[in-house]
Structures are given as C-alpha cells and as structure tokens.
Amino acid sequence: MADEDVLNAEEAEAASSHEYESGPDASQPRDPEAASRALGEVQELLRRHRVVLELAHRQRHGEAEERHELVEQLVEKQHLAELRARLDRLHSADIAYVLEALPYPDRMIVWDLVKSERDGEILLEVSDSVRESLIQSMDREELVEAVETLDTDEIAELAPDLPTDVVEEVSQGLSHEERAQLRASMSFPEDSVGELMDFEAITVRHDYTLDMVLRELRTLEELPDHTDQVFVVDEQGALLGSLPLDRLLVNQPDVLVTDVMKRDVLTLQPLEEAGEAAQAFERYDLVSAPVVDPYNRIIGRVTVAEMLDVIREEGDSEALAKAGLREEEDLFSSVWDSARNRWPWLAVNLCTAFFASRVIGLFEGTIERVVALATLMPIVAGLAGNTGNQTMTLLVRSIALGQVNASNARRLLAKEFAIAGLNGAAWGTIAGLAAWLLYRASPQGWLIGLTMGLAIVLNLLVAALIAFAVPFTLERLGRDPAIGSSVLLTFSTDSMGFMIFLGLATLFFA
C-alpha cells in the first residue's frame, strides 16, 4: 500500500512538472487552479514524509542504532529534496497560498525549504497573521538577508512587522536616495496612497521627440512593473500629462511628445485614502497613476497591483468586521488566540440574547394561553433578519463606494421602506395563511394567522430602519460601517420581532 502511495504521488509530481516552464519567476501560472493543485501536492509530500519517518521509527527494534539513524536521515533527505524541488517551481504567490493553508509544524517545514533569496517576496505575499509567525521563526541575519532583496517601497510595507534593529541595519545598506525614499514611505499614514506608492515613475520632458524618449528608455535595464505610460513634465518638473506606450510606438520618431501626450491624467495625493484611489482605478480601468506633491511635481506612482491588494484587503476586512471579528486570524493559530479574537462581539451577542429572552418573559401569560405562539416566533425574527441583512449589505457597500450621502439618504431610506412594506405584505400574507392552515382546528386559528401576517409586516419595516441606521451611525462615529453590523441587526430584529409578535398576540387574545 505504501508503494502505491509513492507511485501515485510520483505520477502527480510528473504530471504537474510542466506547470511553470519559466520557473518561479513566471509572472502568471498557467491556470487559476495551479495554486490549489500545488497545495494538494505539497500536503501529499508532507504526508508521505511523515509516514515513512514513522515506519522507520517503528523498525528501530532489531537494527543497530547507528544504521537505523543513517537510514532515517537518508529517507528524510530524499523526501525533503523532492518537496524542495516542487517548491522551487512554484510562484512566490503560490508558496504564500500554500503556507497559509498549512498547520504550523508543516508550515515551518515548507518555510525552511524555500530558497532564502525568495523569503522577502514571499513575506510580502502572505497574510499579516501568517507573516508574523514566519518572522518569529527567523533569526536576525535571515531577516536582514531577506529584506535586503526588496525595493524601498516593499521594505516600507514590511517595516511595521520587522524588529527595529533589522530595519535600521537594512537602511544602512541603502544609497542616500533610497534611504530618503524609505523614510518618506514610512512617514505616510497607514492605508494612504503614499504608503503604497513606489518611486519608479519614469518622466520625460514635453519638448522631447518620441525618438529621444525611446533612446532614454533603452538606457534602463528594464521597465518598472506595470509600466503602461511615462509621465510628461515641464522644465520645472511639474506634471503636464502622460505618454501612453502605444502612442509612443505607433507615431513617427520625430513627433514631439507634447503633440501626442494625454493631458487629462488622473493624479493622486500621497495623503489620500488608498480605498478611494482603488475605486478610481476600478472606475477608470487604470494600470498606473502618478502621485504628485502640492506643487504638482511627481514623487512616485501607484499601480494596479497595489490597488488590487487594497480592494482584496478591504473586502476581507469588511467581511470579518460584519461577523464581529476584530482582525484577520491565522487559519491555524492557537485555540486561545482564535477564541480571544471572537470574544468582543460574542459578549455583545450574549447580552442581547439575554435582553431578547427578557422580552419573551414579559409575555409568558400570553404564551401560556396560546402555546402555538412559541413555535411561530422564530419565523418572524428570522424573516426580518434576512431582509435586514440584504438592506445592510447593499448600504455598507454603497457607503464604501461613496455613493450614499446626506442628499440621497432620505430617498434611499424611503425606497427601502417601500421594499420592506411590499415584501412584508406578500410574505406576511403567505405566512399568515400557512399559520391559519396549521392551526385552523383551533377557534383562534384565524387570529394566529392575522397576528403572524401583521407581525411580519411591522418587523420587516423595523429591520429596514435598523439596517439603515446602524451603518450610518457607525460612519458618523468614525468607525467602519460594517463593524458588528450583523450582530446588532440580529439583536434588533429578534427583540423587536418578539415584542411585536407577542404584543399583537396579547392585544388580539386579551
């Protein structure tokens, strides 16, 4: 059976060996499932490694100690060499994906097998929580060696997670210009354009010919990543426009830059929020954009690669905040850390649940008289919670995109009220009829159905109001509109749903 496992794994290894024909520096995998397949193969190699070591350990009895240790070392080296070879063919982003999906012991095995010259770029790719565990496993010399392979803007991105002495040592090895760029990048606020920008913006004078621009570009060893345009400046260095590379290539060499350049260039300020810049990239299908100072002089640029990271991180943060999680957690972090991350809103939820139970307690007499009410209460609360989540998700997204403001908020609220009223009337009628059919044998069956229908209408209206009020209130308080929104909405729809349903029942069955 063990031989079959080895053969199957070797066949999988051979079948995937052509995935990265150009090696780990390939900019794109052949297909989006390459990372998932690589994870499966790495997990299989790790499993085989553990199985063989365990078998070797069990065979210790009856063999000479020295011979046994030698065999065990040879087997371990063989499997680790196979795993190292597989990792060498993976893109850095795929290695980061694999590391995030492995438990800590396996993660450390894989991390130790990665070539040291790739450590820096992989640290940039992994999530913050996983990066922390990797950095903690590295000594000072390893960290310095890894960070020295990065550009200044990438060093600035890693700097908050690195020991201060490591950052200082790395900065000493930079040129005077690079040190100034590093200090500038680290001085900008978190989640600002300045924090994300790089300093590889190519500028040309407006009075150059296209032939002069081409000759200047040929002096570079390579173009910076995601270069789709060069930026045109005047004699004082102020930005005038941009020269897309397609215009550079299709026009005659003796044409002046000023005659073919684009003048309507979107510019960014270093203190602008990165989220707003990401929205601009998405809206205008940008690949790169210049960052300028108050005098309209170029100090750097941002590219679509950074903006995609911003969009992904904001989406992850919003999803976590909506569920009441304080921060992104390592999938395989300790039980204690993961539990503690989930405590704050669980505590809020516990308090709100007790409050909802006290609401039910106020109507114990009504429930005792009409026991059927106890079985129907969750329907009213659940339906309102669902429609409220729909409204809140739409609103939080619209606030994040800047589409909702004071001038259109009332109109949007009126629309959501109308939707809630229409849905309440439709589904309240259906639920009321269903309740009447269930309890039609009872003389109070029609009252139960009427109570059910009216409670659903009223609670859906309450859900729309709460779903609208919570994100706006959080935004006014300077907080993320998504923080704990689901918890607050559930509390409101449960408590108000119970109160409305049982209140109506008390009124009708008095």
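**Note on the predicted model**

1. The UniProt record, in an unreviewed entry, places the feature "transmembrane region" at residues 417-439, 446-470 and 482-509; positions from UniProt are in the numbering used here, feature names are shortened, and annotations may be inferred rather than shown by experiment.

2. This is a predicted model, in which local features need pLDDT of at least 70 and side-chain atom pairs count only at pLDDT 80 or more, while totals for chains, interfaces and linings use all residues. Residues are numbered from 1 along each chain as its sequence is written, and side-chain values use heavy atoms, with hydrogens and water left out.

3. Residues 417-439 are 96% helix and 0% strand, with end C-alpha atoms 31 Å apart, and residues 446-470 are 100% helix and 0% strand, with end C-alpha atoms 36 Å apart. Helices (H or I, at least four residues) and strands (E, at least two) are DSSP runs, numbered from the N terminus.

4. An open sheet is formed by three strands in the order 1-2-3, with mixed pairing; two strands pair if DSSP finds at least two bridges between them. The edge strands, each pairing on one side only, are strand 1 (203-205) and strand 3 (239-244).

5. Strand 1 pairs with strand 2 (residues 229-233) in the parallel sense over three bridges, and Arg205 has Val233 in strand 2 as its bridge partner. Helix 13 (residues 210-218) packs on the sheet and touches strand 1, strand 2 and strand 3, where contact means heavy atoms within 4.5 Å.

Technical notes:
Axes fitted to C-alpha atoms, helices over the stretch in contact; angles between N-to-C directions.
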